Amino acid sequence: MKHAITTVTSGSTRRSIRAGRDGTILSLSTTPTAADELKSRVRKFWEDEPCGSVHGEAPEGTREYFDQIEQRRYELEPFIPEYARFQDAAGKTVLEIGVGLGTDFVQFARAGAKVSGIDLTEHGVQLVRTRLELEGLEGDVRVGDAESLPFEDRSFEKVYSWGVLHHTPRTEKAVAEALRVLAPGGDLCVMLYSRHSWLTYKVWVRHGLLAGHPGRSLSSVLAAHVESEGTRGFTKAELRKMFRGLDDLTIEKVATPYDRHFLGPVAGLSGRWLGWFSVIRGRKPT
Ligand SMILES: C[S@@+](CC[C@H](N)C(=O)[O-])C[C@H]1O[C@@H](n2cnc3c(N)ncnc32)[C@H](O)[C@@H]1O
């Protein structure tokens, strides 16, 4: 006897439902989609080497370890505080999506914000909990997925995410989630990689042009050769579309030391057009 098989894709999961003639469900199987499988590899990559951990020479999880990572982070990216505006968050409810080792997260907590944070990895979350404890700070840090945030609509006065959402396969969904949990009047600050940047061109020269594949796209070299598999970079037009609906929307490209490795000071001068970081800021309409 033949049974009807229906395939339903809900969120990130594909389910096959085998039903009898009278509609009774005989079996239900769940097959991970390609995006789920990619996300598992992204998780594994960051579990194995939490972001910035290369700068911690002291034993992992010690105060000295976190201090070394913090010092190096703001040497390399001194512009972060200007965009993150840690001090303005005092007394506010703040969500950080993709806390990594929590260096920015603790700045919000030290400034007196009521902080919540998520990361895809157990490793990062455990280390951030240790870090809060070492400093006697309060915060809710959990393993979670940016594509499906475990929070109610309009829960946070500020949503912050630095260098994270281009790593998740469904960036657009993650951005929609960030906007969903932001309270009306709340501030959003997100950094995503730029598709057109000196760093991208450097990666393309190495893995496209010099590897004998000049036809290879910028997106393809980013996905295959920058950090975890599947990394994406966005144009300003794509970002404007993703973040449309925010008031006072600004998208600024920022030259980074990673661009300067390729082009020296010229990269700094042309950072407005070809910087690797695109910083998106805006306010949710009331
Ligand atoms: C480049 S690190 C950035 C971490 C931190 N924001 C920083 O600037 O140091 C990327 C982080 O994004 C996290 N991540 C990737 N995909 C995610 C997802 N779908 N949900 C939550 N976190 C994710 C990774 O686990 C990793 O900690």
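The legends below describe close-up views of a predicted model.

Local features are described where pLDDT is at least 70, side-chain atom pairs count only at pLDDT 80 or more, and totals for chains, interfaces and linings use all residues. Residue numbers start from 1 along each chain as its sequence is written.

**Figure 1. Overview of the protein.** The secondary structure comes to 12 helices and 10 strands; helices (H or I, at least four residues) and strands (E, at least two) are DSSP runs, numbered from the N terminus. Of the 286 residues, 41% count as buried. A residue is buried if 20 or more other C-beta atoms lie within 10 Å of its own, exposed if 12 or fewer, and partly exposed in between, with C-beta atoms placed from the backbone. Two residues are in contact if their C-beta atoms, placed from the backbone, lie within 7 Å. Among contacts between residues at least 6 apart in sequence, 59% join residues at least 24 apart.

**Figure 2. The open sheet.** The sheet has 7 strands in the order β6-β5-β4-β7-β8-β10-β9, and its pairing is mixed. Two strands pair if DSSP finds at least two bridges between them. The edges are β6 (140-143) and β9 (247-254); each has a single partner strand, so one side of each is left without a neighbour in the sheet. From one strand to the next, the twist averages 10°. Strands of a sheet pair through backbone hydrogen bonds, either parallel or antiparallel.

**Figure 3. Strand β7 and its two partners.** β7 (residues 156-162) runs parallel to β4 (residues 93-97), to which 3 bridges join it. On this side, Leu95 stands opposite Val159, and Glu96 has Tyr160 as its bridge partner. The pairing of β7 with β8 is also parallel and extends over 6 bridges. Here the bridge partner of Trp162 is Met191. Of the 7 residues of β7, 7 are buried, so the strand is largely enclosed by the rest of the structure.

Figure 4. Helix α5 (residues 122-135) lies across β5 and β6 and runs at about 165° to β6. Helix α6 (residues 171-181) lies across β4, β7 and β8, at about 150° to β8. For these angles, axes are lines fitted to C-alpha atoms, for helices over the stretch in contact, and values run from 0 to 180 degrees between N-to-C directions.

**Figure 5. The largest nonpolar core.** A nonpolar core is a set of buried Ala, Val, Leu, Ile, Met, Phe, Trp, Tyr and Cys residues joined through C-beta atoms within 7 Å. Of the 66 residues in the largest such core, those touching the most other members are Val94, Phe108, Val128, Val159, Ala178 and Leu192. Strand β8 (residues 182-193) contributes the largest share, 6 residues. Apart from neighbours within four places in sequence, Ala178 is in contact with Ile97, Val159, Ser161, Leu188 and Val190.

**Figure 6. Surroundings of Val106.** Val106 lies in helix α4 (residues 103-110) and counts as buried, because 23 C-beta neighbours fall inside 10 Å. Beyond its neighbours within four places in sequence, Val106 is in contact with Arg131, Leu132, Glu135 and Leu137. Val128 is 22 residues away along the chain, and its C-alpha atom is separated from that of Val106 by 8.5 Å.

**Figure 7. The shell around the ligand.** The shell holds 19 residues, of which Trp46, Cys51, Gly100, Ala146 and Thr168 come nearest. A residue is near a molecule or strand if its C-beta atom, placed from the backbone, lies within 6 Å of it. Two or more residues of the shell come from each of α1 (34-48) and β5 (114-119). By class, the shell has 8 nonpolar, 8 polar and 3 charged residues. Ala, Val, Leu, Ile, Met, Phe, Trp, Tyr, Cys and Pro count as nonpolar, Asp, Glu, Lys and Arg as charged, and the others, Gly among them, as polar.

**Figure 8. Phe45 in helix α1.** Phe45 is placed in helix α1. This residue has 18 C-beta neighbours inside 10 Å and therefore counts as partly exposed.

**Figure 9. Two residues with positive phi.** Glu227, in the loop between α8 (218-225) and α9 (236-242), has phi near 55°, a positive value in a residue other than glycine. With 16 C-beta neighbours inside 10 Å, Glu227 counts as partly exposed. Asp248 lies in strand β9 and has a positive phi of about 50° although it is not a glycine. Asp248 has 9 C-beta neighbours inside 10 Å and so counts as exposed.
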